[in-house]
Amino acid sequence: METQEKKRIYSAMQPSGMITLGNFLGALNNWNQMQEEYDCIFCVANMHAITVRQDPAELRKRCRDLITQFIAVGLDPEKNIIYYQSHVPAHAQLGWILDCYTYMGELSRMTQFKDKSAKHADNINAGLFTYPSLMAADILLYQTDLVPVGEDQRQHLEITRDIGERFNGLYGETFRIPEAYIGKVGARVMALQDPTKKMSKSDENKNNTIAILDDPAVIMNKVKRAVTDSENEVRFAEEKPGISNLLSIYSGVTGKTIAEAEKEFAGVGYGAFKNAVGEAVVAKLEPIQKNFKDLQNNKDYLDAIIKEGAQKAERIANRTLDKVQKKIGFPLTIR
Ligand code: TRP
């Protein structure tokens, strides 16, 4: 295995919608902190995205917007690798190979497959089924140490470890076996109109989500309309999911603790509280939105970053792919 000083973290996000405040506080903001301490790779998982039908123009735009937002929130393309999955053919190549070391039985047990095939009953395609072996390829190609995963992706990390260990068992040490990265727990942001479910970028009800690129007026409005309760006390409690969610958001964007926030808003009505939450969100997102616009206006710079990211990713990925191909008996690729 190659020697590295820093541990390597691999993260990816699907271009399935505008990045929400939930993605930002739950993941991206932590990625931002990870980059100081780790060798980080950030991927736009556009190959996984086509396991459900996509509008081509929309998909292209979302991918571009996603990579732009990665950089706008502060991920440094010099220090890290930021790239599109589809730009590195090794993902598809290793994905296929790993398909041949993954069992139908294991794939059938994946809860995401069961959920998505129920949701898209008219399009239960083979890619949806083998989604986990492609994800295993993503992670294993980079000899990843750590993967920051939410609850919903834990099972996919488990199967990645199983596939990697199986391959290593058959052919000798080939892949580093990744572990879950348990970082500082980000805020768990819930849907504004239904605070018992997670805020999701693929939610069709736009009043449930705040996109990090939403206009300030839109953000203020969405926060004002967020579901609360019939009391009039700003307090974090299970039976007050709406207010608790707004407190988490406030704490997430200001860095204050929930207890500090509760104290700050003691005796304050919901209207004024919501105003303060909205303003804090707007203030936090303002510089990100400015960065985003600047990047959008700097097409050449962005294109250069994307190209360089793909090249850096490919160098690492191909090293692993070559090793795998050699072990299984494929002729050496002439590069
Ligand atoms: N499946 C992940 C999700 O939907 C995205 C993803 C693809 C990913 N490849 C990955 C996450 C590799 C971590 C590592 O959230």
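In this predicted model, helix H7 gives the most to the shell around the ligand, contributing four residues. The elements that supply two or more residues to this shell are E1 and H7. The shell consists of Tyr10, Ala12, Gln14, Ala45, His48, Tyr131, Met135, Asp138, Ile139, Val147 and Gln153. By class, seven of these residues are nonpolar, three are polar and one is charged.

In the side chain of Tyr131, an N or O atom is 2.6 Å from a nitrogen atom of the ligand. For Gln153, the corresponding distance from a side-chain N or O atom to a nitrogen atom of the ligand is 3.0 Å. An oxygen atom of the ligand lies 3.3 Å from a polar side-chain atom of Gln14. On its own the ligand has 360 Å² of accessible area, of which the protein covers 88%.

Aromatic pairs in the structure number 12. The pair of Tyr10 and Tyr142 is stacked, because the ring centres are 5.3 Å apart and the planes meet at 25°. Tyr10 belongs to strand E1 (residues 8-13) and Tyr142 to the loop between helix H7 (126-141) and strand E4 (146-147), so this pair ties together parts 132 residues apart in sequence. Both Tyr10 and Tyr142 are buried.

Tyr250 and Phe265 form an edge-to-face pair, with 5.0 Å between centres and 80° between planes. Tyr250 lies in helix H10 (residues 241-254), and Phe265 in the loop between helix H11 (258-264) and helix H12 (270-296), so the pair links parts 15 residues apart in sequence. Tyr250 counts as buried at 5% relative accessibility, and Phe265 is buried with a relative accessible area of 5%. Elsewhere, ring pairs join Tyr101, Phe167, Tyr171 and Phe175 into a cluster.

Technical notes: Residues numbered from 1 in each chain as written. Predicted model: local features only at pLDDT ≥ 70, side-chain atom pairs only at ≥ 80, totals over all residues. Heavy atoms only, no water. Phe/Tyr/Trp six-rings, centres within 6.5 Å; stacked < 30°, edge-to-face > 60°. Buried < 20%, exposed > 50% of the residue type's maximum accessible area, 1.4 Å probe, protein only. Near = heavy atom within 4 Å. Polar contact = N/O pair within 3.5 Å; in protein donor to acceptor, adjacent residues only side chain to side chain. Areas by Shrake-Rupley, 256 points an atom, 1.4 Å probe, with all protein chains shown as cover. Nonpolar A, V, L, I, M, F, W, Y, C, P; charged D, E, K, R; others polar.
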